[in-house]
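Try each task on the model first, then read through the solution.

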Amino acid sequence: MPDPIDQLFLEVYREHAGLVIKTAQAFATNAADRDDLYQEILLSVWQALPQFKGQAKLSTYVYRVAHSCALNWKRSRQRYRTKVDRFALEVPDLTSTPEERERVAWLYARIQQLPPVDRTLILLYLDKINYTDMAEITGLSETNIRVRLHRIKQQLTTLSEGMTHDV
Amino acid sequence: MTFDEIESTWALQHRAQAGAADLPALRRALKSQLNRRRRLLVLGACSLVFSLLAMQVLFFLNLRVTRVEDQWLSFARLMLHQGLNLVIVLELVRIYLRHRRLARGRAESVRDVVSLSLAGVEAEMSDYRLGRWVTLVLVAHSLLSVYLNQPVAQVGWDAFGLRAGLIIAVYALIGLLVWRQYRRKLRPERDRLKATLEQLENIQA
């Protein structure tokens, strides 16, 4: 009989791997750190799944675990990471062409200039998460989230000034 | 670049299928990683229990061999040793409970998890500060043991001084390493988590 946690994890990965990948990319600045954080988030999600009782949507639950993990994540020492605690797990690419990759990488570089909590909020916003779920994920009130997002959007637009791509 | 353009750039990511990875291989990798971490934790806990037991055995053997004329001194030494052991055991229990609280709170809201982590780091820092005093007691205990095991009247001040110097040097080195960990790891970590938590506070209108 298949393990229910295994089944749930597979469902999470099939449906919500994108959010784990995006979180890792927004919080880590280089490829090795990105792989490291990706691994940490997947492990945290796996470990948190037994506590999932279905009160919230699975996606909200995964967002909560992923962003908590990212905000608490510390860069591992290179030696520790390569010799002790690393398995061959690389962040999958979510883009299809080199041009798209370049544009998305540029956007991530701008997002990384924001403070960590603002990064969380803008990621949730760009992923079209509603304000009620955002409040549940972050612990902030909806009013606060609205006010902050208004400011973050302006800030991100300012950071993106000078960037002219054909969209 | 306008915010609409930012949103459309973000949307480019949805075209690719994230679930294309080899899921069974990923599951195996995660399971083996979790098992490895669990094994490391169990190994660490076993080593600590073994060290504590070994310390007790060595101490009692030592107590039997050493001829101390003053029984009260011997008793005081025994109490000091047991007191230190008790502090270490209590500290281990506290560390375990802290880890368990953090593991259980993994799925709370982001703000709750950050405050839990911050509380954990602050508790660890206070343990380190307490550790400074425990180290001083350990030094005193070791010096007392050396003094009782090889009385100055028999070995002379030079031999005693050499042993005492070695003990102090070893503990000073340990103390320096611990202080370095406190200053370079824990303090910045506490500041980082504090700043994150401040960002997660609701601003009153």
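**Exercise 1.** Work out how many helices and strands chain B has.

*Solution.* Start by counting: chain B has 5 helices and 0 strands. Helices here are DSSP runs of H or I with at least four residues, strands are runs of E with at least two, and both are numbered from the N terminus. Next, read the order from the N terminus, which is α-α-α-α-α.

Residues are numbered from 1 along each chain as its sequence is written, while chains are lettered from A and ligands numbered from 1 in the order in which they are written. The model is predicted: local features need pLDDT of at least 70, side-chain atom pairs count only at pLDDT 80 or more, and totals for chains, interfaces and linings use all residues.

**Exercise 2.** Compare the radius of gyration of chain B with that of a compact globule of 205 residues.

*Solution.* First take the rule, 2.2 Å times the number of residues to the power 0.38, with the radius taken over C-alpha atoms. Then look at the C-alpha trace of chain B, which spans about 85 × 45 × 30 Å along its principal axes.

**Exercise 3.** Find which elements of chain B touch chain A.

*Solution.* Begin with the contacts (C-beta atoms, placed from the backbone, within 7 Å): 39 residues of chain B contact 54 residues of chain A. Helix H1 (3–11), helix H2 (23–65), helix H4 (110–149) and helix H5 (152–199) of chain B each give two or more residues to this side.

**Exercise 4.** Describe how helix H7 (residues 131–138) of chain A packs with helix H8 (residues 142–159) of chain A.

*Solution.* Two packed helices are described by the angle between their axes and the distance between the axes. The axes of H7(A) and H8(A) come within 9 Å and cross at roughly 100 degrees. These axes are lines fitted to C-alpha atoms over the stretch in contact, with angles from 0 to 180 degrees between N-to-C directions. H7(A) and H8(A) are therefore roughly perpendicular, a term for angles of 65 to 115 degrees. Finally, pick out the residues: Tyr131(A), Thr132(A), Met134(A) and Ala135(A) of H7(A) meet Glu142(A), Ile145(A) and Arg146(A) of H8(A).

How values were computed: Contact = placed C-beta atoms within 7 Å. Parallel < 35°, antiparallel > 145°, perpendicular 65-115°, else oblique.
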